[in-house]
Amino acid sequence: MEFSEYHFIAIGGIGQSALANILLKEGKKVSGSDISKNKYAKKLENLGALIYEGHSADNIKGSPVVVVSSAIKEDNPELIEAKRRVLKIIHRSDLLKIISDRYPLFLGFCGTHGKTTTSGMCAYLLSKSALKPAYAIGGIIPALDTNGDCEDRNTPFFAAELDESDGTVLKYSPKITLINNLEADHLDFYKNGLDDIINTFSAFLAALKSGAKAVVNIDNSGNIKLIKNNPDFKGFITCSAEQKEAKYRAENIKLGVLSSSFDFCANGKILGKIELSIPGMHNVSNALGVAACLIEAGVDFNLFAPHFKTFSGMGRRFQKSAEFGGIKVIDDYAHHPSEIKATLCSVANYNKGRVVAIFQPHRFSRFEGFYNDFLDAFSCCDFTCVLDVYAAGEKPCGGKKPSDFAKELENTGKKAQYFSGSIEESAQKILPLLKSDDLVFTLGAGDITKMGGVLNELYMLKK
C-alpha cells in the first residue's frame with residue numbers, strides 16, 4: 001500500500017534516517033523529530049525534510065503515516081498524539097518491507113555477523129558500477145557518506161540489511177539473500193540459542209517467493225545445519241573458502257596486515273581477482289558472498305570487481321578513529337565473541353608493536369551468556385583493557401563482573417587489566433600504558449566509540 005506523507009519519531013536514528021532518505025528521494029513528503037538535530041537529521045533537512053528538535057504532539061501536522069522504532073516508549077507525546085488521532089502507525093521494519101517490495105531485485109543481507117558490512121559493500125559496488133541502486137544500511141558507508149539512498153527511482157536494485165535480533169527478518173522477501181553465518185546471539189530474544197535462530201531462518205526461507213535464492217556460506221556450521229533442516233528449499237546457492245563443492249569459492253587467499261585478496265571462482269572457473277583494502281578472513285568471506293549475490297542478480301563480474309579495492313569498510317567497522325604519538329586507534333562495533341576474535345586475529349601478523357584491545361562488554365545478558373567465549377576471543381591480543389558493561393537499557397543479571405573477567409584473562413596467560421568508570425575516566429588511566437607502534441582496538445556497541453577521540457584529546461593536552 002502506497003502513502004505520500006510520513007512522520008518519523010526519532011528521525012536521527014541510523015535505521016530511521018536511512019528510510020527517510022529513500023522516501024525523500026522517491027518524492028515523498030517527510031517530517032520527523034529527535035531530541036537534537038544530529039548530522040543525520042541535518043542532512044535530511046537539507047534534502048527537504050521538516051525536522052523538529054524535541055518531541056511534542058504539535059510536531060505531527062496533517063495525517064502522515066507515523067514511523068516508530070523499538071526504542072520509542074509508550075509515553076512519547078507524538079506516539080500518544082498519533083494514537084489519539086487514530087493515525088496509521090508502523091514500525092520501521094514494516095516500512096522497510098513496504099519500500100523493498102517496490103524493487104524487483106531486492107538483495108537482503110542477514111545472519112549473525114557481517115550484515116552491515118556486506119549490505120554496505122553491495123550498495124557501494126552497485127553505486128560505483130553506475131547501476132544507481134536504492135539501499136538501506138544499518139551503518140554509514142564512509143565513501144558514499146550515507147546509510148540510505150535512492151539514486152534512481154526506476155532502479156531495479158535495492159540492497160538492505162535485515163535484522164534477525166528480534167525476529168523481524170521474517171517480514172521480508174528478498175529475491176536474493178546472503179546468509180553469511182548463524183550463531184547463538186541475542187539470548188534475550190532467542191532463549192534456546194542457535195536452535196531458535198535456525199528455526200527463525202527456516203521460517204524465513206519457507207516464506208520466500210518462488211524463484212528466490214539464498215546464498216549461504218558453508219564454512220559456517222550454523223549455515224550447514226540450516227541447509228540440512230530445509231531439504232525442500234531449492235534455492236540454496238553455496239559459497240566457501242574451504243569446501244570444494246561450493247558453487248562460488250575463494251582461492252589463493254592472501255591476508256595482509258591491512259588488506260586481503262583472493263581469486264574468485266564460479267563453478268570451478270576463476271573469474272578474476274578480488275582485492276580488498278580491509279583485512280581479515282571474515283572480510284574475504286564477506287566479499288565472496290557479495291560477489292556471489294551480484295552475479296546471481298545478473299551483474300557482470302568485471303563491472304563490479306574493480307571497486308572492491310576502493311571500499312574502505314563501514315563506519316565503526318575497522319575504522320581509524322585516532323592517531324597520535326605513533327599509536328593508531330581502530331574503532332570496531334564488534335561485540336560478540338566471534339566478531340571480536342575475527343577483528344583481532346585479522347592483524348595477527350602485525351609485527352611493529354603490540355595489539356591492544358579496549359573492550360566494553362555490551363549488555364549484561366550477552367556478557368553473562370558468552371562469558372567463556374569472550375575469554376577465548378582475545379587470543380590474538382597482547383594487552384586487553386576491560387571496561388564496565390554498557391547496559392543498553394538492561395538491568396544487571398547474573399554474577400559475572402568485568403573485574404573478574406580481566407583476572408581470568410590474566411590466568412590464561414594474557415595480559416589484562418580492568419578499568420572502572422566512564423570512558424573519560426578509563427581513558428585517563430589507559431593512556432599512560434600505551435606505547436608507540438601500538439595498534440589499539442576499541443571494541444563494543446556502546447559509547448566505547450568515543451574512546452579514540454578522548455585518548456587523542458588527553459594526549460594533546462599532555463604534550
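What follows starts at the sheet, moves to the helices and ends with charged pairs and a hairpin.

A: This is a predicted model: local features need pLDDT of at least 70, and side-chain atom pairs count only at pLDDT 80 or more, while totals for chains, interfaces and linings use all residues. Numbering runs from 1 along each chain as its sequence is written, and side-chain values use heavy atoms, with hydrogens and water left out.

Start with the sheet. Five strands make it up, in the order S3-S2-S1-S4-S5. The sheet is open, and its pairing is parallel. Helices (H or I, at least four residues) and strands (E, at least two) are DSSP runs, numbered from the N terminus. Strands count as paired if DSSP finds at least two bridges between them. Strands of a sheet pair through backbone hydrogen bonds, either parallel or antiparallel.

The edges are S3 (50–53) and S5 (89–91). Each has a single partner strand, so one side of each is left without a neighbour in the sheet. From one strand to the next, the twist averages 20°. Angles run from 0 to 180 degrees between N-to-C directions; axes are lines fitted to C-alpha atoms, for helices over the stretch in contact.

Now zoom in on S4 (residues 65–68). Strand S4 pairs with S5 in the parallel sense over three bridges. S4 also pairs with S1, again parallel and over three bridges. Val67 has bridge partners in both neighbours. Phe8 is the bridge partner of Val67. In S5, Val67 is bridged to Ile90. Val68 stands opposite His91 in S5.

Are the faces of S4 covered or open? Both are covered. Val65 and Val67 point to one side, Val66 and Val68 to the other, and all are buried. Buried means under 20% relative accessible area, exposed over 50%, and partly exposed in between (1.4 Å probe, protein chains only). In a regular strand the side chains alternate between the two faces of the sheet.

Which helix packs on this sheet, touching S4? Helix H4 does, touching S1 (5–9), S4 and S5. The direction of H4 makes about 85° with that of S5. Contact means heavy atoms within 4.5 Å.

H4 (residues 92–100) also packs against H1 (residues 14–25). Two packed helices are described by the angle between their axes and the distance between the axes. For H1 and H4, the angle is about 30° and the axes lie 10 Å apart. H1 passes H4 in a left-handed crossing. Left-handed means that the near helix is turned anticlockwise from the far one by less than a right angle; clockwise would be right-handed.

Who meets whom? H1 brings Gly15, Gln16, Leu19, Ile22 and Leu23. H4 answers with Arg92, Leu95, Leu96 and Ile99. By class, the contact has six nonpolar, two polar and one charged residues. Here Ala, Val, Leu, Ile, Met, Phe, Trp, Tyr, Cys and Pro count as nonpolar, Asp, Glu, Lys and Arg as charged, and the others, Gly among them, as polar.

Next, the charged pairs. Side chains of opposite charge can pair when their charged atoms come close. A salt bridge here is a side-chain nitrogen of Lys or Arg within 4 Å of a carboxyl oxygen of Asp or Glu. By this rule the count comes to 24 salt bridges. Glu26, Lys28 and Arg102 are linked in a network of them.

Asp145 bridges to Lys43, with the closest N and O atoms 3.1 Å apart. The pair links distant parts of the chain, 102 residues apart. Asp145 sits in the loop between S7 (134–141) and S8 (146–150), and Lys43 in helix H2 (residues 39–46). Asp145 is partly exposed, at 48% relative accessibility. Lys43 is also partly exposed, at 31%.

Asp263 bridges to Lys273, at 3.6 Å between the closest N and O atoms. Asp263 lies in S14 (residues 260–266) and Lys273 in S15 (residues 269–276), so the pair ties together parts ten residues apart in sequence. Asp263 is buried, at 12% relative accessible area, whereas Lys273 is partly exposed, at 42%.

Last, a hairpin. Strands S16 and S17 (residues 327–332) run antiparallel, joined by five bridges. Lys328 in S17 is the bridge partner of Glu323. Two residues lie between the strands of the hairpin. In the turn, Gly325 has a positive phi of about 55°.
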